[in-house]
Amino acid sequence: MGAAAGYSGHGNRCGKFLWSIPLIIVEFSIGRKTRKGVVGSFAELMGKNYTWMGGFVAFCTIAIMFYYSVVTGWALRYFLVAVTGQLSGVNHEQFWKSFTSGYQPLIFHLLALGLGSFIIYHGVVKGIERANRILLPSLLVLLIIGVVRSLTLPNAAVGLNYLFAIRTEQLFNYQVWLEGLSQSAWSTGAGWGLILTYAVYIRKNEGVVLNSFITGFGNNSASLLAGLAIIPAIFSLAPTIAQAESALRAGNDGLSFIVIPQLFSKLPAAAFFTSVFFLALFFAALSSIISMLELATRIFIDFGLPRHKALPLVSLITAIMGVPSAIYFKFFQNQDWVWGLGLILSGLFFTILVIRFGASRFRTEVVVVNEEEWDPGFWFDYLLKIIIPIEAFLLLAWWLYRSIGWNPSGWYNPFGAQTLGTCLFQWAAAIFILLIINGFVYRKLVQRRA
Amino acid sequence: METSAIIVMCFILSVIWGGFFILVNVAYKKEKQRKNREIAG
């Protein structure tokens, strides 16, 4: 989260109200109304000329699924290694490098994908709901164990200061707010199409506004627990405050798979607490991969394929498309950069849908459809018409501008790992393909069914 | 721990966790009412 990691948390919480919760309301409402997946919903509500936008939202999330399955596999492998005590006494950086450069990530990518597919093969109620009934409470228990251990370490207060102390000089730092907004956009899953897909299965009279607020607050509650479990522990176990701050800037994979095992190895019962961390990470990743698999499966179901045929097809495609990320770390980084940022564009497409439909009309005809539903009020219209599109443009411009600074001499390179060029090239390629098949997809999803 | 950090921590935790529990409680009550109506009707 960058230099102002602790403080951007406040920006993150503002971001919930200015980005995530309105988009979650939009997704829930669309899924409940259309009873179709992402592409079918865009086709139905926006018409033929805009079906490709739904295609982009789906493409973006599916592209993330291809490499996210690899991350789930890493977490599974590290849990197994930690629980058998093989992580103790190793050089964690070397261990990580040798692991990611070998064939093991491929095997664990397939294992994680197989497990996710097995769960959703049994459908939404018997598969996804049943699995989440085990995964989410277990994740909560594991997080609470982590919080208790972290807060009882010596000097944990230094980490709490870092996490919560007000640094007034950062209040006017635009980067902190943009970092917080980005974190909010990515952590809740708003604008990914996942919530829309789950909403296909909710009751017609389910309160989407209440559920959206629960989703936003629940996500923040879990994020706070994770922060309390990790940040005080890092500040307590790192030799100096500067080293702790540098550990927090190590990036997601560096922090999770190198720094945390390194620091946790200093704890008494290190194997237990490292195992708890990786099991929690695996459960969190698995619950995400399940929702992504369901998103892709739902689209094929909308095309007329039964679940028992759609899911194996999705799993096979994911297994194959995840291979480059599993065996080539630079490719993984590239995909994480391109499609992670693509999610902001996905969020923008959802707001375009609402604007085209008419924000007030969307609120009265799609959101508030029964007497029990809370009316989000006029603020919802203005957020979706003005604030969120401005946020999306700012976020896209800021991240793309930053990427020029990371690679000033080769920012235009379409084959660079994290360049502006690769981002624009891959988005343009995806949109070009989606525009070519736009008419065909629309006919299949809307006209044929009608 | 700094006093300002303690105040901010208490504020954030009570708003976020408190808000979450209140919303879950509202949802639980609505669900209960719905089930009661279904049984009655």
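**Entry 1: a leucine to start with**

I began with A:Leu341, which sits in helix H16 (residues 329–357) of chain A. Helices (H or I, at least four residues) and strands (E, at least two) are DSSP runs, numbered from the N terminus. The model is predicted, so I noted its ground rules: local features need pLDDT of at least 70, side-chain atom pairs count only at pLDDT 80 or more, and totals for chains, interfaces and linings use all residues. Residues are numbered from 1 along each chain as its sequence is written, while chains are lettered from A and ligands numbered from 1 in the order in which they are written.

Is A:Leu341 buried or exposed? I found 21 other C-beta atoms within 10 Å, so A:Leu341 is buried. The cut-offs: buried means 20 or more other C-beta atoms within 10 Å of a residue's own, exposed means 12 or fewer, and partly exposed is in between, with C-beta atoms placed from the backbone.

Leaving out residues up to four places away in sequence, A:Leu341 touches A:Trp399 and A:Cys423. (Contact means C-beta atoms, placed from the backbone, within 7 Å.) I also checked A:Pro414, which is 73 residues from A:Leu341 in sequence and 15 Å away in space, C-alpha to C-alpha.

**Entry 2: a serine**

Next I looked up A:Ser187, in helix H8 (residues 174–188) of chain A. A:Ser187 counts as partly exposed because it has 17 C-beta neighbours inside 10 Å. Which residues does A:Ser187 touch, not counting those up to four places away in sequence? I got A:Asn219 and A:Ser223. A:Gly216 is 29 residues from A:Ser187 in sequence, and their C-alpha atoms are 9.6 Å apart.

**Entry 3: chain A as a whole**

I zoomed out. Chain A has 20 helices and 0 strands. Its radius of gyration is 22 Å, close to the 22 Å that the globule rule gives for 450 residues, so chain A is as compact as a globular protein of that length. That radius is taken over C-alpha atoms, and the rule is 2.2 Å times the number of residues to the power 0.38.

The C-alpha atoms of chain A fill a box of roughly 65 × 50 × 50 Å along the principal axes. Of its 450 residues, 50% count as buried. I also noted that, among contacts in chain A with a separation of 6 or more, 80% join residues 24 or more positions apart.

**Entry 4: the core**

The largest nonpolar core has 139 residues, and A:Ala75, A:Ile234 and A:Phe282 touch the most other members. Helix H3 (residues 51–83) of chain A gives the largest share of this core, 22 residues. (Such a core is a set of buried Ala, Val, Leu, Ile, Met, Phe, Trp, Tyr and Cys residues joined through C-beta atoms within 7 Å.)

I followed up A:Phe282: leaving aside neighbours within four places in sequence, it is in contact with A:Thr72, A:Ala75, A:Leu76 and A:Phe79.

**Entry 5: one helix from the end**

I viewed helix H17 (residues 359–367) of chain A, whose buried residues are A:Ala359, A:Phe362, A:Arg363, A:Val366 and A:Val367. Down the axis of H17(A) they fall within an arc of 110°, so they line one face of the helix. The arc is that of the directions from the helix axis to the C-beta atoms.

**Entry 6: two positive phi values**

Most residues other than glycine have a negative phi. A:Asn155 has a positive one, near 65°, and lies in the loop between helix H6 (123–151) and helix H7 (156–164) of chain A. Phi of A:Ala269 is positive too, near 55°. A:Ala269 is in the loop between helix H12 (251–264) and helix H13 (270–302) of chain A, and it counts as exposed, with 11 C-beta neighbours inside 10 Å.

**Entry 7: chain B and confidence**

Chain B comes to 1 helix and 0 strands, and its C-alpha trace spans about 55 × 10 × 5 Å along its principal axes. How many residues of chain B are in contact with chain A? I found 17, against 15 residues of chain A.

Mean pLDDT (the predictor's confidence in each residue, from 0 to 100) is 89 for chain A and 91 for chain B. Over residues 1–8 of chain A, pLDDT stays under 50. Where pLDDT is low, the predicted coordinates should not be read in detail.

Key. Two residues are in contact if their C-beta atoms, placed from the backbone, lie within 7 Å.
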